[in-house]
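Have a look at the picture, then read on.

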Amino acid sequence: MKVLLLLGLVAVALAAQTRFEGDQVFRLKPTTDEHVTLIKDLARSMEVDFWSPDSAELVTIDIDVDIHIDASHASMVYTILNQSDMEHEILIEDLQAQIEAQVDRPEATPRSHSYTKYNTWDQIQSWISSISSANSNLMSRQVIGNTHEGRPMNVLKIGKKTGSTKPAIWMDCGIHSREWISTAFCQWFVREAVSTYGTDSQMTSLLDQMDIYVLPVFNIDGYDYTWKTNRMWRKTRARNIGSTCYGADPNRNFDAGWCTLGASSNPCSDTYCGSKPESEIEVKNVADFIRRNKSIIKAYITIHSYSQLLLFPYSYTYDLAADHAELLRVAKGATNALTSLYGTQYTPGPGAATIYPAAGGSDDWAYDLGVKYSYTFELRDTGRYGFLLPESQIKPTCEETMLAVKYIAAYVQKTL
Ligand code: ARG
Ligand code: ZN
């Protein structure tokens, strides 16, 4: 009996999910230095989960600041905000309710993979096997290494098999695990590529001439953790020596002005830069692959959410990239194409000036390595749902994003 009880407790503990009942997401609009100080003080005195920007250090005047506050502090924060003269609103009244609303209808039995729903890692993994074997004429896959917890990082190579090495484009999704729409987009892209090859003239010509390498989930351990334990997890799941906190921010862990700006050296921070550049095995696996293939990789595309931005280098400095004018022109063309479908507004620009300076990002690293067309997408929305974008928006978001990615790809193809 005692043993059974103990087993029961263990099972409950293993299945325990972080719950967010009564947690709230606030939007603050600081316009003075006092407002910025108030936000930073809040972040020092209680646990504040920054949704946008990514951490307290990045807060400045005249940007929207979206913060997630746990239930026990929500009413106090609300009072403090009402006593200050800073403009503010509540974006999400009850985070747990919003999390439950994100998936259309939670199924009791696991369903199969769907392009218009969010998929678990297990579903994505079996999708990777099935889509690559069903399209072996156009696709192959390779494991570029394992994650910290031992999950295989599969890269899908899509393109007509010509028997010779082709110029290529790299695209990854899910660097930050809570940005689920990102991961959904890579799956959508792969299906579009294989299903429109032969009918869509642009896709056909692209895949005839180039290969696209797609990493559907970069931070797999984190992604699995967002499903099983904490929906708001952003970082990797590696142990940090000398700390009880887990994980580093993969997009602060690349060797590009590493940990100089907009990143934290505190392992408990959501923007922890790691113990050294590429300390995170997932980052090292990707960087090694791109370095090995750097002579053929002509573009680097990475998908994040949210804010509706199309960013390019630099983020580790305000200096403009040598190719700034061209990168901006292509970004404008891509965002115009995106907007043409449903009117969704995007802002193109260099990272540091467009959102905030933040070093150690994959886009800057790829650019400095010599991959000239280096872009970071921040997909929908602008904060109404934030990371909890409803499943009903997967299809329109992916459709419009396809237009922008195809625009960039077509441009790169023209320059070959
Ligand atoms: N929200 C993304 C992040 O903070 C933006 C990345 C832009 N690029 C960069 N190198 N910081 O990771
Ligand atoms: Zn991100």
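What follows covers an annotated domain, the packing of some helices, a ligand shell and a few backbone details.

This is a predicted model, in which local features need pLDDT of at least 70 and side-chain atom pairs count only at pLDDT 80 or more, while totals for chains, interfaces and linings use all residues. Residues are numbered from 1 along each chain as its sequence is written, and chains are lettered from A and ligands numbered from 1 in the order in which they are written.

**The annotated domain**

An unreviewed UniProt entry lists residues 117–412 as "domain: Peptidase M14"; such annotations may be inferred rather than shown by experiment. Over residues 117–412 the chain is 38% helix and 17% strand, and the end C-alpha atoms are 31 Å apart. Helices (H or I, at least four residues) and strands (E, at least two) are DSSP runs, numbered from the N terminus.

Two packed helices are described by the angle between their axes and the distance between the axes. Axes are lines fitted to C-alpha atoms, for helices over the stretch in contact, and angles run from 0 to 180 degrees between N-to-C directions.

| Pair | Angle | Axis distance |
|---|---|---|
| H6 (residues 180–196) and H13 (residues 394–415) | about 65° | 9 Å |
| H7 (residues 201–209) and H13 | roughly 50° | within 11 Å |
| H10 and H13 | about 150° | 8 Å |

On the H6 side, the contact includes Phe185, Trp188 and Phe189, and on the H13 side it includes Cys398 and Met402. Here two residues are in contact if their C-beta atoms, placed from the backbone, lie within 7 Å. The residues of this contact of H6 with H13 divide into nine nonpolar, two polar and one charged. In these classes, Ala, Val, Leu, Ile, Met, Phe, Trp, Tyr, Cys and Pro count as nonpolar, Asp, Glu, Lys and Arg as charged, and the others, Gly among them, as polar.

How do H7 and H13 lie relative to each other? They are oblique (angles under 35 degrees count as roughly parallel, over 145 as roughly antiparallel, 65 to 115 as roughly perpendicular and the rest as oblique). H7 passes H13 in a left-handed crossing. Gln202, Leu206 and Gln209 of H7 make this contact with Lys406, Ala409, Ala410 and Gln413 of H13.

H10 and H13, in turn, are roughly antiparallel, and their crossing is right-handed. Residues of H10 including Val330, Ala334 and Leu338 meet residues of H13 including Leu403, Ala404 and Tyr407. By class, this contact of H10 with H13 has 12 nonpolar, four polar and two charged residues.

**Around the ligand**

Which residues are around ligand 1? Among them are Asp54, Asn251, His304, Asp363 and Asp364; a residue is near a molecule if its C-beta atom, placed from the backbone, lies within 6 Å of it. The shell around ligand 1 divides into two nonpolar, six polar and three charged residues.

**Backbone details**

The peptide bond from Ser305 to Tyr306 is cis, with omega near 0°, and Tyr306 sits in the loop between strand E9 (297–305) and strand E10 (309–312). Another cis bond, also with omega near 0°, runs from Pro313 to Tyr314. Tyr314 belongs to the loop between E10 and helix H10 (324–342). Finally, Asp62 is not a glycine, yet it has a positive phi of about 65°; Asp62 lies in the loop between strand E2 (48–52) and strand E3 (65–69).

Conventions
A crossing is left-handed if the near helix is turned anticlockwise from the far one by less than a right angle, and right-handed if clockwise.
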